[in-house]
Amino acid sequence: GTAGNLLGLSLLGAACGARVQSVEFSKLSTSFCVACASVLGVHRYVRAASYQELYYWERGREEWELDNFFEGEVREMVELYVSRGLPEHDASEVVSIMAQHKRFFVDVMMLEELGMPPLATEINPVAQGFCKAIGTLSFTILPLVPLLLAARPGQLLDPSSPAALLSAGISAASVAGLASWEAHVMHSDAPTRAIR
C-alpha cells in the first residue's frame, strides 16, 4: 500500500514538473499503475510459489532423514539446543519428547535448523499475487483520482491546481494512515510510526 501510494505521488510530481498535458498524464499514469501492479503481483506470486516449493522440498528431506536416520536427527537437535545453552540432559529429554510426534518434530526441525516456519496454507501463491496486484493498483491510483477526473484535452497539468493539491493531500493522508495501521498491527507507537 505505502509503496504503491508513493509511486503514484512520484508520478504526480514528475508529471507536474514536466508540465505534461492532463489527458496524456491520464493515459500514462493509468498504464504505469497497471504495469506496476502487474509486475509486483507477479513478483509476489513467484516469490511465494518459490518459497512454498522450497519449503515442501526441505520438509520432504527432513522427513526422509527422520525416517532413515532417526538417531542422527535426534542427536543433531540435541546438539543444537546444547549449543544454545541448554544442559545436555534437558536437551535430550525435550528432544526425545518432541521426536515422539513426527509432524510436530519435523516442524520444529524446519524452524530450528533451517529457519523455515510452517507455511500459512490458507493463502496460496496465486491469491497472494492477486492481492498484491489489486492493493498496489488501488494505492498507486488513489492519489491520482482527482487529477484523472479533472483531465481536459489541451490543458497542462498545473501543480498548483486544486486537483493536484487534493491528490498530494490524499497521498500524504493515506501514507500516514497506512503507517499508523501498520504500527497498530505491529504494536508499536502509531504516531511515531506515522511520522517516520
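In which helix is the place of Ser 174? Ser 174 lies in helix α8, residues 162-185, where helices are DSSP runs (H or I) of at least four residues, numbered from the N terminus. The model is predicted: local features need pLDDT of at least 70, side-chain atom pairs count only at pLDDT 80 or more, and totals for chains, interfaces and linings use all residues. Residues are numbered from 1 along each chain as its sequence is written, and side-chain values use heavy atoms, leaving out hydrogens and water.

**Ser 174**

- Ser 174 counts as buried because its relative accessibility is 12%; buried means under 20% relative accessible area, with a 1.4 Å probe and protein chains only.
- The side chain of Ser 174 reaches the backbone oxygen of Ser 171 at 3.1 Å.
- Leaving aside residues up to four places away in sequence, Ser 174 touches Asn 5 and Leu 142 (contact means heavy atoms within 4.5 Å).

**Helix α4**

- The buried residues of α4 are Ala 91, Val 95, Met 98 and Ala 99.
- They cover an arc of only 95° around the axis, so they lie on the same side of α4; the arc is taken from the directions from the helix axis to the C-beta atoms.
- These buried residues pack against α3 (70-83) and α5 (102-114).

**Helices α2 and α5**

- The axes of α2 (residues 22-68) and α5 come within 10 Å and cross at roughly 120°; axes are lines fitted to C-alpha atoms over the stretch in contact, and angles run from 0 to 180 degrees between N-to-C directions.
- Among the residues making this contact are Tyr 55 and Leu 66 of α2, and Phe 105 and Met 109 of α5.

Key
Helix = DSSP H or I, 4+ residues; strand = E, 2+ residues; numbered from the N terminus. Buried < 20%, exposed > 50% of the residue type's maximum accessible area, 1.4 Å probe, protein only. Polar contact = N/O pair within 3.5 Å; in protein donor to acceptor, adjacent residues only side chain to side chain.
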